[in-house]
Amino acid sequence: MDEEPERAKRWEGGYERTWEVLKEDESGSLKATVEDILFQAKRKRVFESHGQVRLGMMRHLFVIIDSSRSMEDHDLKPNRLTSTLKLMEYFVEEYFDQNPISQIGIITTKNKRAEKLTDLAGNPKKHIAALKKAVDSTCVGEPSLYNSLNLAMQTLKHMPAHTSKEILVVFSSLTTCDPANIYELIKTLNGLKIRVSVIGLSAEVRVCTILTRETGGSYNVILDESHFKELLILHVKPPPASSSSECSLIRMGFPQHAIASMSDQDAKPSFSMSHLDSAGEPELTLGGYYCPQCRAKYTELPVECKVCGLTLVSAPHLARSFHHLFPLEAFQETPLEEYEAERFCEACQGELKDKSVFTCLACKKVFCVECDLFIHDTLHCCPGCMQTDRMS
Amino acid sequence: FRLNIEGLLVYFPYDYIYPEQYSYMLELKRTLDAKVCYNPFIKLISSCMQYAYPLEVTKLVYCSRTVPEIEKVVEELRKLMDYYAKQTGVKNDFLALALSSRKNLCIHPEVSSLRFGKEVDGKCHSLTASYIRAQHHSNPSQPVCQFFEEFDAVGRQVPIPPGIYNLDDLKDFGRRKGWCPYFLARYAILHANIVVYSYHYLLDPKIADLVSKELAKKSVVVFDEAHNIDNVCIDSMSVNITRRTLDRCQTNVETLQNTISRIKETDAAKLREEYRRLVEGLKEANVARETDIYLSNPVLPDEILQEAVPGSIRTAEHFVGFIKRFLEYLKARLRIHHVVQESAPQFLKDIYEKVCIDRKPLRFCAERLRSLLRTLEIADIADFSAITLISHFATLVSTYSKGFTIIIEPFEDRTPTIANPVLHFSCMDPSIAIKPVFGRFQSVIITSGTLSPLDIYPRILDFRPVTMASFTMTLARTCLCPLIVGRGNDQVAMTSKFETREDFAVIRNYGNLLLEMSAIVPDGIVAFFTSYIYMENIVASWYEQGILENIQRNKLIFIETQDAAETSMALEKYQEACENGRGAILLSVARGKVSEGIDFVHHFGRAVIMFGVPYVYTQSRILKARLEYLRDQFQIRENDFLTFDAMRHAAQCVGRAIRGKTDYGLMIFADKRYARADKRGKLPRWIQEHLTDGSLNLTIDETVQLSKHFLRQMAQPFRREDQLGLSLLTLEQLQSEDMLQKIAQIAQQA
């Protein structure tokens, strides 16, 4: 018990009706419908990414995490804050995995104030470290939507127009304490083309509905922890760029990683340029990435060169975001009854049991729902097509 | 799209239709030859339906309750007309208009700036009365209303162009032409196809006489939001007389006397002319009624029309003397120290014995006074409201021997030491006021979202319905969540029962309930109490216990008061707080202004909490008399009626939260008595359906859990496609076989 003295005992916590979650609804209307809606939403995610739309590949995303009193609620285990921060760690990793040339920043809000946890940066490690540290912070007071949005906006408004500027709010409280009219701020955000999305942890709040509708973001409320995770993953994919955002060619540098070991006599330890504005202790390191234009040294990528302003990325990073531009086409959905051939999924070799099956339009192979999702979300290429390619 | 309902073509201005709407139309079509009693959720549809009958029904009179509702109906109508014009390509000459009081329609710069309806009426009258205008002829400095003059000169000959006129449209039209919109509207309702106005214009005999008496017999009358119609009827026929009324009446009489003596010196011929007219009697009015031109006025009984005004009050002086005697008698009656309750015949007998006033002249009192005021050319009618009231009382008391009671109370129950005598002349039978309406019009439709139970309405209004039906709502998701909270976490029963309402534990539990709900419900919560006093007590007690402070950490608190201006201010701020994410709680009172006329759509009311069962004040003598009457005349048990009345008000309060199918809200009944079958069974069907056994007699904790779950479910994205086919139908879906079968089940014949 010593290791978790703060946490309330089980019997002190809220009265739970765990059987409710498993309850089968006789009337069938509520539960079935909501599940159906959720399934549809899952499918929609696949569909949406398949239109020929331009995507905002370079994203600048601020995540605002509510740390007000309501985050102490125990409806997510062990409490909302811990659960959220843990999921955020996962999110940050996924985010950089899918969007290698993007940046993220974290803001927390409590006690009517907003506070920057990390600045916009492209290094997942730093963010994750900050998130881990934040677990111990206490949750007090009310959040301020205005202050935190304003803080994020101050940074985002200086970002170039071709990048996608986004804010994701994880909002647990049902109230917000604002110093000024938030609708003015929403107008400004809209003018700056900053997209704000909200994930609500408790219920639908009007001001968030307006906020997301006006700025073109999405608004979801979680049902439980797994749904929360699902909603976060929705924000991993780059959003379609607004048609009015300008197109421009961007100069990029691909620095080589120079490896030096202590045993190498020629190598001299040097400071990384990214330490210039960071608060942490500068460290002397051996080796790193050198800007091809000005030879400034950086320890991590992607980054904008502090000296000459060149965007530095690594080629594998860029290649990873390639699949967003050429996504796999959606498979054709047919009801199981109409499908007459052998009922085996091409990928997992399992029996097709769901109410519909999915056929690849190119190779005519058939897949189950789970594999269809996996192929489109993770693999980004059809295993059937790969096989036929090899055969020929 | 176009619908074919059993051979009748209906134009429907939207792409989608609710199944209940279709069912409603079906029922309406089948029975549109007489009186119908309905309980729909979607009400505007009836006006759409009506339009399918441009030939058979010459006129539709649509009565609603509040100005915003009237405006909503007209806007709906406008959509329909646009659609109709687009579909058929025929520009038809169709006139629909809304009518409201002078206060809402006046465009005179000085008059319209006045704040109170009464002031506006009085000022308007002082500018537009016929003799004022006559004086204006001889003396141009006498002010008149130029808008009325203009209308009178030109407006009557030129009919108002066909179209749909809302209140603002009428004002615009009036400004453009320089005509008075109010008189224009009043004149235009005679040939308009659809008239939308408040139901006082039809039920209150004093107003109906001016406005509605010339409506064609073939009209169809719709009473919307009619769950309270019996109370409106009763109010319109009841008279309350206080000492203040009598004092003001006294001054009125003196003014009359002075005016008479002055006129006698200057213009005796005028009084003689009046006398001659009175001898001839009210034959003209009688002829008019017989030929069915007018809606009969329940204050002016039939017999009066056939007789001449009795000799004793024919001359002006005699009449003033007569009124004076009557007044003195009333004063004497008010000078008592105990409560008196008597019937109308008893009262008449007493008055005959004491001051020798006969029944017959009393009956002519109202008519005689009106004639006198006309003759004397008194400008400001508003000043004479007291004497008019007394004369109405005189006529009513001598006309109806049944259905009325007289109660004289020397003081109010709450303040037994302060003498404040009131004479209540109370109508107990709502059917008296509504009878002329049923008698005259071809079809009368009574409809509301909360007419429940249906069968009691025909009994108390005394009519035989042709069809009664109540409709459920078909929902794609269960967007309402009624919960009955019976206990606190400490298992103490929660109830507003008289014996326990002062109980500390009950008040604390109510406070805890509100506190817990304020933490989990987003945006707006509306809480209803059973009365102002009860609310004050509870809030004071919460303040002492510190509950109020805790609630305020979650949401702001606003309170409805008896002051209308204060309440509308509180409402405005409440809505602002809901809008900008601060969240708010509105504490209000069942039967108050908020519970009757104000909608809390979407975020303005995510939860409604009903603290206690809103019974009427049962110690009131008027109520007791009415209950007795109901028992004797209609065989309705007291308890049944009280429960019925309480439940319709509870349903009314709770129904404020859900105003459409995309809306959602919690309905929390915080009293264990709601769980009983007799209470539960009287809720409207659409609420009852969602009240499962699992949602009865909950504790606060259970309520919180259920609410949290519900709110999360409801916050999931909900698009139109999800509704399609279930609760929203396209034309093709509507025509499919099994859907038609489903629809047939929606309407429940009661």
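The buried residues of helix H22 of chain B are Ser431(B), Ile432(B), Ala433(B), Ile434(B), Pro436(B), Val437(B), Phe438(B) and Arg440(B). They are 8 of the 10 residues in this helix, which spans residues 431-440, so H22(B) is largely enclosed by the rest of the structure. The model is predicted. In chain B, 59% of the 750 residues are buried.

**Chain B as a whole**

- Chain B has 36 helices and 21 strands.
- Among the contacts in chain B with a separation of 6 or more, 79% are between residues 24 or more positions apart.

**What covers helix H22 of chain B**

**Helix H24 of chain B against helix H33**

- Two packed helices are described by the angle between their axes and the distance between the axes.
- Helix H24 (residues 504-520) and helix H33 (residues 700-714) of chain B pack at an angle of about 20°, and their axes are 10 Å apart.
- Angles under 35 degrees count as roughly parallel, so H24(B) is roughly parallel to H33(B).
- The crossing of H24(B) and H33(B) is right-handed.
- On the H24(B) side, the contact is made by Asn509(B), Asn512(B), Leu513(B), Glu516(B), Met517(B) and Ile520(B).
- On the H33(B) side, the contact is made by Ile700(B), Thr703(B), Val704(B), Ser707(B), Lys708(B) and Leu711(B).
- Sorted by class, the residues in the contact of H24(B) with H33(B) are 6 nonpolar, 4 polar and 2 charged.

**Helix H24 of chain B against helix H25**

- H24(B) also packs with helix H25 (residues 532-545) of chain B, where the axes come within 10 Å and cross at roughly 80°.
- Angles of 65 to 115 degrees count as roughly perpendicular, and H24(B) and H25(B) are therefore roughly perpendicular to each other.
- H24(B) contributes Phe504(B), Ile507(B), Arg508(B), Tyr510(B), Gly511(B) and Leu514(B) to this contact.
- H25(B) contributes Tyr534(B), Ile538(B), Ser541(B), Trp542(B) and Gln545(B).
- The contact of H24(B) with H25(B) has 7 nonpolar, 3 polar and 1 charged residue.

**A sheet in chain A**

- An open sheet of 3 strands in chain A has the order S8-S11-S12, with antiparallel pairing.
- The edge strands are S8 (257-258) and S12 (297-298) of chain A, and each pairs on one side only.
- S8(A) is joined by 2 bridges to strand S11 (residues 288-290) of chain A, and the two strands run antiparallel.
- His257(A) stands opposite Tyr289(A), which lies in S11(A).

**Two single residues**

- Gln103(A) is found in strand S2 (residues 103-110) of chain A.
- The relative accessible area of Gln103(A) is 18%, and buried means under 20%, so Gln103(A) is buried.
- Leaving out residues up to four places away in sequence, Gln103(A) touches Arg59(A), His60(A), Leu61(A), Tyr95(A), Phe96(A), Leu120(A), Ala121(A) and Gly122(A).
- Asp152(B) is found in helix H7 (residues 146-155) of chain B.
- Asp152(B) has 25% relative accessibility and therefore counts as partly exposed.
- Asp152(B) and Cys180(B) are 28 residues apart in sequence, while their C-alpha atoms are 8.9 Å apart in space.

Methods
Residues numbered from 1 in each chain as written. Chains lettered and ligands numbered in written order. Predicted model: local features only at pLDDT ≥ 70, side-chain atom pairs only at ≥ 80, totals over all residues. Heavy atoms only, no water. Buried < 20%, exposed > 50% of the residue type's maximum accessible area, 1.4 Å probe, protein only. Helix = DSSP H or I, 4+ residues; strand = E, 2+ residues; numbered from the N terminus. Pairing = 2+ DSSP bridges. Axes fitted to C-alpha atoms, helices over the stretch in contact; angles between N-to-C directions. Parallel < 35°, antiparallel > 145°, perpendicular 65-115°, else oblique. Left-handed = near helix turned anticlockwise from the far one by under 90°. Contact = heavy atoms within 4.5 Å. Nonpolar A, V, L, I, M, F, W, Y, C, P; charged D, E, K, R; others polar.
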